[in-house]
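Let's take a friendly tour of some side chains and the partners they meet. Have the sequence and the 3D view open as you read.

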Amino acid sequence: MQQHEILNKRNLLTLITYIFSAAVFAIVIFSQQFHHHPANLFFCAGSSIVLVALYFFKMPPQAFQFILISNWHILAFLFNFQSLNNITFYAFIYLIAVLTIYRSLAISFINIFLVLLEIFVLYKCSIISLKIFESQENYLFFSFLLVICIVSLAQSFFIKSIWSKVEKKAIDREYNLNSKHAYLNLFFEQAKDAIAVFDLEERVIAVNPAFEKLYGWSKAEAIGRSLPLVPPENEEGAKQRTKDLKRGKSYHLFETTDMRKDGTVFDAQISLTPILSPHGEIIAASVISRDISYIKENENLILQSEKLKLVGELAAGVAHEIRNPMTVISGYVQMMNEDKNSPYYEYTKLIQNETERIELILSEFLVLSKPQANQFVPINLAEALTEVASFFQYELQQRIIQLHTVNEYPNTIILGNKNQIKQIFINLFKNAIEAIHNDGTITLKVCKSDDGKEIFIRIIDTGCGIPPHVLEHIFEPFYTTKTKGTGLGMVIINKIIQDHNGSIKIASQQHAGTDILLSFPIVEE
């Protein structure tokens, strides 16, 4: 491709020279100083127009070179054939000199051969007489012709070699420059982090594919626009960072919350850098961002694990010590409550209720204590679910709550502790019932994964739903919105599920209900 471009440029230079020579030839014809046929005028004009048309219609450079050189020889031959004299004879020398533009040894040899052949043809046609060689001027011409031929060949051989080295160096420099641009472009396009460039008006100049994937904006949609990339609550902070960028300040690995095209938000780590011109002026800004939601999630899991560890240590060290005196207190309070006519009955009844509440908290503490060796056995999941549903049958009827069960896999077996599995569903059903005031629905669906290795249990209620700020902390110990809650119910559920190699996902919408999806590995049918 590079060689074609070079040849094309040389063809253009030769074409310009040819048009100039044809114009001179035409002027000579008009001047009537030489005897030429009018057809020569048409050849000069016609050949120039045709050659220009061929060049601009992108004729292949090699073919155009052949046609151009052929027209040169025809022009020089006609110039001498119509009226040979000391001036026109030098057209051959001019032809050889011009065609050295191509710096080709082969072309120089062919041109010299053709010029000598044309002179011979003119001699045979009696255009050139032997007397022409007798004059001193023509001896000078042929001497000059010989020198030009030698110089042409030397130029084609030596200068071509020198020029090739120069061109090679230029091409190498251009290649290196283009390579740098290519590598930079590859880095920009293939970077895993989202990269965007903004002008001083906060309009997008360029984005990479990772940006399109992370933020949801295509390149066509983003270029030239000011995109809403931060949630409304973070706009003030974003405006301040933009002002800081315009003053030359950079931000490195700054953690914030960004927004996608569909309005969803995610935890992002961004680096903001001003782009400077060669004169040191800020002309644009670059933003490199990455989604760190998974990192935040891992940090939360570690924090939860540490909290659970702390709760377990507290449970192991305190629960048994508290239970002993609480047993004594509870026994005496029950004895005191046997006399309903006692003036202190109302107070002792309250004490008994609170001691029972303490006992409940201690029981939940013991579940969260250091794990003991569980003897997991095969469990029929459908039977466990039926037992839990029967346990809540009376309460469901009292609250006018309908329970719909869809289970096409009544013989599914999982491995685990049946009491703990039932505890999971007891807690979840209890929460669902409490979320529905009256006249609602709880739907229980059981299905399998595509590969048949997991069983999914879905519990859907039409209750009041869980607010987003509560859903974020639902598995945190001691976090509760209930006046009599301990904040350990969902923590216990999550721990039991993890011990059974299962998973739990919760989706909820206020005033619409909650959708809980649990999964457990299947042992056998």
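## How hidden is a residue?

A residue is called buried when its relative accessible area is under 20%, exposed when that area is over 50%, and partly exposed in between (1.4 Å probe, protein chains only). Asp244 is a handy example: with a relative accessible area of 9%, Asp244 is buried.

Before going further, some ground rules. This is a predicted model, where local features need pLDDT of at least 70 and side-chain atom pairs count only at pLDDT 80 or more, while totals for chains, interfaces and linings use all residues. Residues are numbered from 1 along each chain as its sequence is written, and side-chain values use heavy atoms, with hydrogens and water left out.

## Salt bridges

A salt bridge here is a side-chain nitrogen of Lys or Arg within 4 Å of a carboxyl oxygen of Asp or Glu. Count them by this rule and you get ten salt bridges. One of them pairs Asp244 with Arg247, whose closest N and O atoms are 2.5 Å apart. Arg247 is exposed, at 60% relative accessibility, whereas Asp244 is buried.

There's also a network: Glu387, Lys418 and Lys422 are joined by salt bridges that share partners.

## Bridges across the sequence

Next up are Asp193 and Arg290, whose side chains form a salt bridge of 2.8 Å, N to O. Asp193 sits in the loop between helix H6 (136–190) and strand S1 (194–199), and Arg290 sits in strand S5 (residues 282–291), so this pair ties together parts 97 residues apart in sequence. (Helices, H or I with at least four residues, and strands, E with at least two, are DSSP runs numbered from the N terminus.) Asp193 is partly exposed at 23%, and Arg290 is partly exposed at 37%.

Arg458 and Asp515 make a salt bridge too, with their closest N and O atoms 2.5 Å apart. This pair links distant parts of the chain, 57 residues apart: Arg458 is in strand S10 (residues 454–461) and Asp515 in strand S12. Arg458 is partly exposed, at 34%, but Asp515 counts as buried, at 19%.

## A serine in strand S12

Strand S12 (residues 513–524) also holds Ser519. Is Ser519 buried or exposed? Its relative accessible area is 4%, so Ser519 is buried.

What does Ser519 touch, leaving aside its neighbours within four places in sequence? Its contacts (heavy atoms within 4.5 Å) are Glu454, Ile455, Phe456, Gly502 and Ser503. With Ser503, there's a side-chain polar contact of 2.5 Å. A polar contact is a pair of N or O atoms within 3.5 Å; within protein, one must be able to donate a hydrogen and the other to accept it, and residues adjacent in sequence count only if both atoms are side-chain atoms.
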